[in-house]
Amino acid sequence: MATNNELLLDVQNLETQFRTEEGILRAVDRVSFHLNKGETLGIVGESGCGKSITAKSLMNLVPQPRGKIVGGKIMYYGRNEPMDISSYHHNSSEMRAIRGNEISMIFQEPMTSLNPVFTVGNQLMEAVMLHQKVGKREARQRAVEMLAKVGISTPEKRIERFPHEFSGGMRQRAMIAMALSCNPHLLIADEPTTALDVTVEAQILNLMQDLQDDMGMAIIMITHDLGVIAGIATRVVVMYAGWVVEMATTEEIFYSPKHPYTKALLQSIPKIGSRQRLLSIPGTVPDLNNLERGWCYFAPRCSQAMDVCRQQEPPLFDDDGGHVVKCWLWDKEYADQRNDDEQQAAEPSTAADELTK
Ligand SMILES: Nc1ncnc2c1ncn2[C@@H]1O[C@H](COP(=O)(O)OP(=O)(O)O)[C@@H](O)[C@H]1O
Ligand SMILES: [Mg+2]
């Protein structure tokens with residue numbers, strides 16, 4: 001992986017909210033993380049934890065009119081001058097120049113972003129012509145090359161097809177081709193393989209890695225499945241109910257997770273090749289509508305919750321090496337409460353074994 005240590009994106013205390021009938025919904029609540037050029041960062045968490053709204057905030061595409069970035073900064077260093085993406089209007093010329101040019105995004109369900117009434121080729125050509133000053137003929141040639149690059153065979157023929165004539169995996173490949181047509185600095189992939197079966201998922205993830213090696217862009221890989229990012233991300237951000245609850249290198253997340261939520265997520269990864277049922281985390285993500293601050297939102301589902309967890313919001317504890325955790329157990333005062341069973345952390349599928357016995 002062509003990771004260097006040059007900063008590409010620095011998100012500081014990002015807050016994105018929705019106005020709802022009930023009041024305020026804090027979808028992204030004081031989220032901070034950074035990303036280096038060429039790096040792959042994973043963002044994981046269950047559905048409803050704020051992953052997509054974080055991604056949309058980075059693109060300055062928060063759903064209007066109810067959604068709004070209300071605090072923090074999104075410093076982008078992909079240009080000569082650093083810029084704060086959050087300070088621009090979503091429809092400004094600056095944002096339009098960045099979106100789909102320097103930062104592009106692929107979504108979970110390609111049918112929602114591919115237009116069913118145009119051929120795949122037409123849509124690819126349009127993407128090419130939007131970013132590059134080329135004529136139709138040349139754009140067509142590039143579109144064919146791009147389809148070949150993402151592993152679609154007989155691209156000259158396939159280019160005439162409509163999205164519904166593609167399989168799910170092929171559509172996702174076409175989406176990737178489209179997202180990469182501008183040669184972006186950053187590719188945000190929001191659950192790009194969730195709708196695919198595991199074999200195709202592995203192929204798409206491999207493809208993304210090959211393309212990254214080739215083109216050198218940074219990737220933010222968003223998923224609810226820690227298994228997906230195991231082999232590809234260098235660092236992982238774990239989100240819960242709009243918060244970053246843990247952030248560390250992928251290795252630390254897998255072998256020395258600190259947050260009880262991260263540990264629970266690890267236990268819900270099925271063993272490779274097994275047909276075991278997923279062990280899901282008991283309970284659900286809280287409704288973020290009008291959620292009062294001043295406690296740990298994970299406490300109701302946490303097997304290690306203490307009184308303090310129901311009374312005060314946990315601060316972020318940093319080990320000075322970049323491993324960050326938002327959990328009272330990592331306060332010196334409560335260190336003795338940590339029944340840190342490493343066994344459990346290192347063997348994520350033990351509990352699943354138990355369940356299926
Ligand atoms: N357009 C919207 N209007 C109101 N609330 C929204 C909207 N989109 C998302 N939300 C809320 O924001 C929170 C985070 O959503 P999202 O980022 O989509 O979660 P994830 O991608 O992790 O599943 C959820 O509580 C969701 O209900
Ligand atoms: Mg989502």
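## Report on a predicted protein model with one ligand shell

In this predicted model, pLDDT, the predictor's confidence in each residue on a scale from 0 to 100, stays under 50 over residues 342-357. For that stretch the model has 22 contacts beyond four places in sequence, a contact being a pair of residues whose C-beta atoms, placed from the backbone, lie within 7 Å. The mean pLDDT of the protein chain is 89, and 90% of its residues reach 70 or more.

Residues are numbered from 1 along each chain as its sequence is written, while chains are lettered from A and ligands numbered from 1 in the order in which they are written. As the model is predicted, local features need pLDDT of at least 70 and side-chain atom pairs count only at pLDDT 80 or more, whereas totals for chains, interfaces and linings use all residues.

The protein chain contains 13 helices and 12 strands; these are DSSP runs numbered from the N terminus, helices (H or I) having at least four residues and strands (E) at least two. Along its principal axes, the C-alpha trace spans about 70 × 50 × 45 Å. A compact globule of 357 residues would have a radius of gyration near 21 Å, and the 21 Å of the protein chain agrees with this. The radius is taken over C-alpha atoms, and the globule rule is 2.2 Å times the number of residues to the power 0.38.

Two sheets are described below; two strands pair if DSSP finds at least two bridges between them.

| Strand order | Form | Pairing |
|---|---|---|
| E6-E7-E8-E3-E9-E10-E12-E11 | open sheet, 8 strands | mixed |
| E2-E1-E4-E5 | open sheet, 4 strands | antiparallel |

Strands E3 (residues 40-44) and E9 (residues 235-240) run parallel and are joined by 4 bridges; isoleucine 43 has valine 237 in E9 as its bridge partner. Helix H6 (residues 168-180) lies across E6 and E7 (186-190), at about 170° to E6. Such angles run from 0 to 180 degrees between N-to-C directions, the axes being lines fitted to C-alpha atoms, for helices over the stretch in contact.

E1 and E2 pair in the antiparallel sense over 11 bridges, and threonine 20 stands opposite glycine 23 in E2. Arginine 30, also placed in E2, has a positive phi of about 55° although it is not a glycine. Helix H1 lies across E1, E2 and E4, running at about 65° to E2. In the loop between H1 and E4 (67-76) is proline 65, which a cis peptide bond with omega of about 0° joins to glutamine 64.

Ligand 1 is surrounded by 16 residues, the closest being Ala27, Lys51, Ser52, Ile53 and Pro63; a residue counts as near if its C-beta atom, placed from the backbone, lies within 6 Å of the molecule. Strand E1 (7-20), strand E2 (23-36) and helix H1 (51-58) are the elements that give two or more residues to this shell. H1 gives the most, with 3 residues.

Methods: Two residues are in contact if their C-beta atoms, placed from the backbone, lie within 7 Å.
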